Amino acid sequence: MNGLIFDIQRFSIHDGPGIRTTVFMKGCPLRCAWCHNPESISDEPQIAVYRHKCIGCGECRSVCSTGALADGPEFIDRSKCRTCGKCAEICPNEAIKLIGLSMTAAEVVDTVMRDAIYYETSGGGVTLSGGEPLRQYEFSLALLGELKKHGLYTAVETCGACSWEKLEAIANLTDLFLYDLKMIDPAGHLRFCGADNSLILDNARRLAAHGSDIIFRVPVIPGCNDSPNDIIAIADFIISLPNTPLIELMPYHRIGRGKYEALGMRFDLTETCEPENVDSIKERLREMGMEVI
Amino acid sequence: MVRGSMANYTTYYLDAYLEAINDPPMLREAKALLAKARNTPITWQGSYITGCWTYEPFDFTYAGTHCANDLPDDTDPEEVTIYKDKVAQVSKVANGSFIFATFNDLERDAHAEGLVRSTCFGGHMTFDHRRLLKIGLPGIESEIEAASLIHAGDLGKDTFFDAMRLTLEAVRAWIRRHSEEAEQLAAVSSGDERDRMLRIAQNCRFITEQPPRTFAQALQLLWFLHIMNDYDSFGRFDWALQEYYLKDIADGEISREEAAVMLEDIWPRIPPIENMTIGGMNSDGSDSSTDLTLLILEVMARVCRPSPNLCLRTNSGTPGQIWDAAVRCIGMGVANPALYNDELIVPSLLELGIESADAWDYSLAGCSQVVIPGRCNFACDDGIFNAAKCFELALYDGIDPVSGKRLGPPTGAPESFETFDDLRVAFHKQAASAAKIYRDLLDKADIERGRFWGYALRTLLTSGCLINGKGIWDGGAKYNAIQGECIGITNAADSLTAVKKLVYDDCTMSMVDLLHHLETNWEGAEPARMRSLARLPKFGNDDDEADEVAEWVSRIIWEEIRSHHCSRGNGWMIPGGVIFVVHVPLGEKTGATPDGRRAGEPLADSSGPAQGRDRKGPTAVLRSVSKLPLHLAATCAVVNLKFGRKSFGDDIARGKMRDLFKSYFKMGGMQVQVTVVDKDELIDAQLHPENHRGLSVRVGGYSSYFSDLSRELQDDVISRTESV
């Protein structure tokens with residue numbers, strides 16, 4: 001069984017304890033307006049074009065059999081593209097990239113085990129992220145099983161929008177969940193993330209009751225979920241859970257914006273969360289008795 | 001490389017040197033040193049530890065004409081003329097460039113075209129301060145007299161020992177005069193100032209007569225010996241002082257804070273690039289660091305200057321708090337300390353043949369060269385071997401394609417190489433030939449130096465010289481070697497890998513086309529060049545194919561160099577990968593290479609990946625480097641890593657950085673040094689992305705390669721450098 005992977009990032013130091021490797025998996029059930037990994041959303045491989053890296057050699061055009069690149073990579077006709085990846089393969093400067101590589105769990109393990117000595121020294125391990133790792137449930141289960149055979153500390157970053165049965169099975173192979181929590185207000189969640197959040201909140205409660213270690217990750221998006229009411233609602237929710245999990249605030253940054261352009265996708269959010277704002281929210285959460293990362 | 005203060009330049013040394021020009025080098029230097037010590041006005045420095053010294057570029061190390069150019073702007077023009085004239089006279093015998101006269105045509109060409117070079121540099125040296133502090137100046141005097149008895153009646157030895165006596169007297173005189181100066185300053189001051197000056201006067205007087213007893217006296221003597229060694233390298237600083245420190249603290253003589261104040265008194269007076277080693281091992285192999293080691297790291301962080309060039313020796317016994325203090329210091333952006341792995345370096349010295357009692361006591365000198373402090377002359381920094389040029393010779397039948405000169409044996413036209421192994425054989429032959437030229441050239445330079453230079457103070461204070469009755473350039477030291485750095489190994493390896501992929505494995509380019517691209521500097525072939533640069537395997541990415549070639553290139557070059565010996569003391573030829581600034585000028589001498597490098601561009605700046613070729617992050621870089629046979633590069637194989645400031649932002653982040661370095665050393669790494677990226681580098685990365693491909697930045701919880709960002713976002717990151 002193969003998984004669709006769009007990046008394996010070594011020396012990942014912000015996704016769980018110690019030195020880690022993060023495996024980014026494609027496909028996500030949510031459509032968050034601020035998503036900074038737009039290449040993770042689709043379940044299919046995609047072609048990304050980085051205009052500023054194009055040297056205009058035209059070699060991509062010469063290998064394209066569908067005519068999608070007839071006007072050059074900058075004007076790729078995505079309706080014609082069949083994502084064969086030949087253009088990405090020939091591009092001398094990686095101005096065109098194929099996002100999404102089909103890999104077996106064993107292949108992923110081979111790559112991540114190269115850094116075994118770093119995990120051992122630092123108490124690190126491997127983090128599955130995405131996208132949504134549970135979107136590729138069978139593969140994630142198999143991969144986590146392999147990682148556990150190697151005795152690695154595993155972390156899974158999830159948005160929680162999946163069946164409890166699947167999450168429970170994954171939880172049995174996972175040492176730490178990085179659980180993305182965007183909003184408590186169902187209407188707001190539907191509006192900004194394209195889905196109802198009752199399943200997400202329900203799974204969060206069950207996971208906490210199950211005894212899993214959880215860090216809730218809250219992206220702070222100006223004008224979307226950074227109002228005092230939103231923040232207090234999230235805090236109240238987390239405080240109500242058993243063992244009061246940790247909370248980590250993720251300041252929003254528009255650094256992902258260029259990727260929308262590369263993928264031919266639209267991006268509508270324009271604001272940037274200033275660090276001051278995040279600091280004041282952190283302060284408020286601490287006043288409420290929460291442990292904030 | 002200006003050292004010490006150029007102000008108050010006097011010509012006492014110069015005048016005495018010229019007067020004694022017909023004496024043997026050792027004696028004329030000793031006379032000059034004594035004249036300088038007795039007559040030069042003292043520029044007072046220090047509130048607790050005193051001592052200044054004007055650097056005389058021609059007396060020990062550097063080529064003579066440096067100093068005339070380095071005179072202060074406000075020097076009287078007439079004085080400058082007189083001074084320059086004297087320097088020119090001295091330069092005739094003391095300027096290192098005299099060595100070129102001895103080169104044969106091939107050696108001269110090899111030097112000029114950048115295949116192998118001598119820097120005409122006399123080498124960094126350190127003293128065994130621990131031993132010297134124990135015996136003090138009286139102990140050194142006894143050593144001179146004991147050795148002179150052994151050599152009584154030997155031809156020419158009287159002059160040698162006279163020179164040693166004069167040299168010791170120069171040290172004594174200089175310290176004594178500081179004592180007198182302190183007394184005078186005390187007489188015209190009051191209160192605390194007066195007390196401090198009186199204490200300095202007492203300490204200075206004491207150490208001219210006896211071995212130091214207190215931390216202040218020990219530090220004072222060490223400082224005098226250090227500055228009179230032209231502010232070269234400190235050696236094992238904490239190791240030399242810790243006994244005095246621990247005793248004074250235990251006896252309540254000084255507090256920890258008072259010791260810190262003394263260190264901070266000398267810290268700002270340490271010129272750039274002066275090497276100081278801390279940490280390391282005891283004779284039984286256990287970790288030797290103490291509270292003084294920690295204090296030095298704290299002072300370093302507090303003073304927050306890029307000097308000294310602090311080197312921390314680590315091993316599996318290095319305490320966690322030393323590691324943590326070191327990583328905190330690194331994160332402050334002063335690129336200090338560099339980290340060294342005892343468990344790789346000590347065995348590499350044993351393998352050379354250094355006695356175990358000396359191997360564990362190694363220190364660093366200069367940039368990052370491994371030496372045995374006060375027991376060796378390793379002629380650090382003298383040579384540069386250009387592996388990328390060897391690769392060019394293998395492709396061009398021994399003819400340098402840049403100059404058209406024959407620099408290597410004929411090894412066949414490249415079109416005739418049927419397999420990649422044929423190219424390897426040609427490269428190996430070129431490397432072997434270059435290693436022989438390298439040895440001959442460095443050896444000639446070394447012999448010539450011995451004829452003109454004495455290095456009186458270093459001879460006096462280096463074990464072996466007195467007992468052998470020989471100067472340090474005459475094979476007197478206990479250990480002799482020439483350390484020869486190797487540059488461009490990564491470029492040669494990546495180029496070999498590129499040819500392997502393009503011409504032999506994937507067959508996407510013929511040898512003829514490749515040669516054409518190289519000869520035309522990739523003109524009109526930008527896609528092909530970019531593909532070589534960005535799409536072919538490169539060393540430093542944990543790519544086994546590229547790393548295997550790099551391992552092979554390193555091994556054959558380092559082994560070829562090690563197969564030779566130098567004449568001085570039948571010493572070793574010790575290769576290394578310490579690259580100061582020569583990657584730029586030697587890059588200018590090297591044509592376009594198949595790894596996508598254009599003609600004239602700089603070569604790799606360390607034993608790690610070539611600039612911008614690493615794309616898999618630091619764990620991959622260190623994995624790749626650990627596959628090299630580093631123990632053969634016993635001079636030291638340097639690895640540069642770069643991180644943004646945020647990577648050291650808090651205890652958790654610093655802990656991960658510490659574990660990164662520890663993991664490298666567990667894998668058999670040798671040395672690693674870290675630069676914290678600043679704004680200028682980001683701007684350069686924007687202008688020259690090809691040199692900074694592996695530079696990753698982190699903003700607001702997301703990290704990306706800088707070169708992958710759009711121009712607008714790059715500007716954004718630059719404007720917020722503090723959050724990188």
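Tutor: We may; please bear in mind that the model is predicted. Chain A is divided into domain 1, covering 2-43 + 100-287, and domain 2, covering 48-98.

Student: How far apart do the C-alpha centres of domain 1 and domain 2 of chain A lie?

Tutor: The two domains of chain A touch, five residues of domain 1 being in contact with six of domain 2. On the domain 1 side, these residues divide into two nonpolar, two polar and one charged. The C-alpha centres of the two domains lie apart by 31 Å.

Student: Which radius of gyration does chain A have?

Tutor: Chain A contains 11 helices and 10 strands, and its C-alpha trace spans about 60 × 45 × 35 Å along the principal axes. For 293 residues a compact globule would have a radius of gyration near 19 Å, and the value for chain A agrees with this: 20 Å.

Student: Are α17(B) and α20(B) roughly parallel or roughly antiparallel to each other?

Tutor: Helix α17 (residues 420-452) and helix α20 (residues 489-505) of chain B pack with their axes 10 Å apart, at an angle of about 150°. Angles over 145 degrees count as roughly antiparallel. The two helices, α17(B) and α20(B), are therefore roughly antiparallel.

Student: How many charged residues does the contact of α17(B) with α20(B) have?

Tutor: α17(B) contributes B:F420, B:L423 and B:F427, while α20(B) contributes B:L496, B:V499, B:K500 and B:Y504. By class, the contact has six nonpolar residues and no polar ones, and the number of charged residues is one.

Conventions: Residues are numbered from 1 along each chain as its sequence is written. Chains are lettered from A and ligands numbered from 1 in the order in which they are written. This is a predicted model: local features need pLDDT of at least 70, side-chain atom pairs count only at pLDDT 80 or more; totals for chains, interfaces and linings use all residues. Axes are lines fitted to C-alpha atoms, for helices over the stretch in contact, and angles run from 0 to 180 degrees between N-to-C directions. Helices (H or I, at least four residues) and strands (E, at least two) are DSSP runs, numbered from the N terminus. Angles under 35 degrees count as roughly parallel, over 145 as roughly antiparallel, 65 to 115 as roughly perpendicular and the rest as oblique. Two residues are in contact if their C-beta atoms, placed from the backbone, lie within 7 Å. Ala, Val, Leu, Ile, Met, Phe, Trp, Tyr, Cys and Pro count as nonpolar, Asp, Glu, Lys and Arg as charged, and the others, Gly among them, as polar. Domain bounds come from an automatic or database domain assignment. The radius of gyration is taken over C-alpha atoms; the globule rule is 2.2 Å times the number of residues to the power 0.38.
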